Amino acid sequence: MSRAAVLTGLGTYVPPRVVTNDELSRTMDTSDEWIRSRTGITRRHWAEPGTATGDLAVEAGERALKSAGSGDADLVVLATTTPDHPCPATAPDVAARLGLDAVAAYDIGAVCSGFIYAMASAAGAIAAGIAERALVIGAETYSTILNPEDRTTSVIFGDGAGAVVLRAGDPAEPGALLGHDLGSDGSLKDLIIVPAGGSRRPSAAADASGARPAETYFHMEGKPVFRHAVTRMAASSRAMLDRAGWDPESVDRFVGHQANVRILHAVADQLGMARDRTVVNLDRVGNTSAASIPLALADAVAGGLLTPGDRVLLSAFGGGVTWGSTALVWPEIVAD
Ligand code: UT7
C-alpha cells in the first residue's frame, strides 16, 4: 500500500505592525481607492527592521507543531523568496531553533508557488520513506526587498509565515494530499525578479549618496504576470482536479495564491466554479508570496469556511515563472 502525506497541523504568524493603504498613500503617489479596486487589498503586515524571515518561520513552525499535537518532525522544508542570508539556507537554523535536532532541512525557491512546491517535495520524501513527519513552512519578509519608490509593488506585498505538518498516512484518509501538478516557464523569468545579489550580478555597491541600488529590489511586470497567473492557475487546477477525479462544482473551497482578488475570481470563472467558494484573505494581509496559502487556510478555518470533510483545491502562481496545485479533503485539525 502506498504512503500518502497527511496534513495534521497548521500554524501561522504575522508580525504585529499593520500598514494600511492610507499610510502608504502618505509617502507614495497612490490611494486607498486604487489599491482596493485594483487588488482587493486594504492592509498588510510589515516586520520591524531587524526581524528576518527565519524569525517569522520559527513562530509559525512552533504553532503548526503544537497544532499537530507533537513537537516532532524529521524534515523541515522552508519556502521563501527572502531567506535570512544568500548562504546558508534558512531552514536548518529554523529547525535548530525549534529544537529539531539533526533533521534534514532545506529551502525551496519558487517565489509565490513556493508553498505548493514545498508540500510536493515533503510529500515525495514521505512517499519515498525518507521522512515520517515533515514541517513545511512558507515565510517571507518582502518588506526587506520592496523598493519604497515603486508604487506598483510596494502596495501589494506583505510579510508573514504559515506552516503545516505532514505525516505519513493512508491515501484514503482525510487530510491526504491527493497528488500535485507542478510546472514552470523560465523564459518568463524577468517578469518577477530581484536583478542583483546573485551570481549573475553580485550585489551592486551603494551609490555615492549611500542609497541602496534599485537592482537589489524586487521588480514585477504586473500586467503580463496577471494574465499568466490566471491562465496557468486555471490549467494547473484543472490538471489537479482530473488527478483527484473531482468535478470543479464538487470543490467546496478554492484556496488560491492571494495575489489579487480579480485573479482569484477569474480563475474560479475559468474553472466554472462559484466565486463564493474562493477563500480571500488578501484584503487583510496583502500578497505574502510563499506564506500566502497557509495564511489563507488558517483564515478560512478561523472563519468557519473550512470544515472537516470539505473538498479543498490549492493553486498558486509565482516568479520563475512557476505554478502548482494540490488537493485534499479537509481533516479534523485545530489550527493554532
Ligand atoms: O505573486 C505573484 C503573482 N503576482 C501577481 O499575480 C500580480 C499580478 N498583477 C496584478 O495584480 C496587477 O497587474 C497589479 C495590481 C500589479 C496592477 O494592476 P493593473 O490593473 O494591471 O494596473 P496597471 O499596471 O495596468 O496600471 C494601471 C495604472 C497605470 O497608470 P497609467 O499608465 O494608466 O497612467 C499605473 O501607473 O495605474 C498606475 N498605478 C498606480 N496608481 C496608483 C500602478 N500602481 C499604482 C498605485 N497607485 N499603487
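The model is predicted, so to speak of local features takes pLDDT of at least 70 and side-chain atom pairs count only at pLDDT 80 or more, while totals for chains, interfaces and linings use all residues. Residues are numbered from 1 along each chain as its sequence is written, and side-chain values use heavy atoms, with hydrogens and water left out.

**The two domains**
- The protein splits into domain 1 (4–169) and domain 2 (180–329), with bounds from an automatic or database domain assignment.
- Their C-alpha centres sit 13 Å apart.

**Where they meet**
- In domain 1, 47 residues are in contact (heavy atoms within 4.5 Å) with 44 residues of domain 2.
- About 3,400 Å² is buried between domain 1 and domain 2, and carbon and sulfur atoms give 66% of that; buried area is the accessible area (1.4 Å probe) that two parts lose on being put together, summed over both.
- Cys112, Ile116 and Tyr117 supply 18% of the area domain 1 buries against domain 2, more than any other three residues.

**A sheet to look for**
- Four strands form an open sheet with mixed pairing, in the order β8-β13-β12-β11; strands are DSSP runs (E, at least two residues), numbered from the N terminus, and two of them pair if DSSP finds at least two bridges between them.
- At the edges are β8 (180–184) and β11 (253–256), each pairing on one side only.
- β11 and β12 (residues 311–318) run parallel, joined by four bridges.
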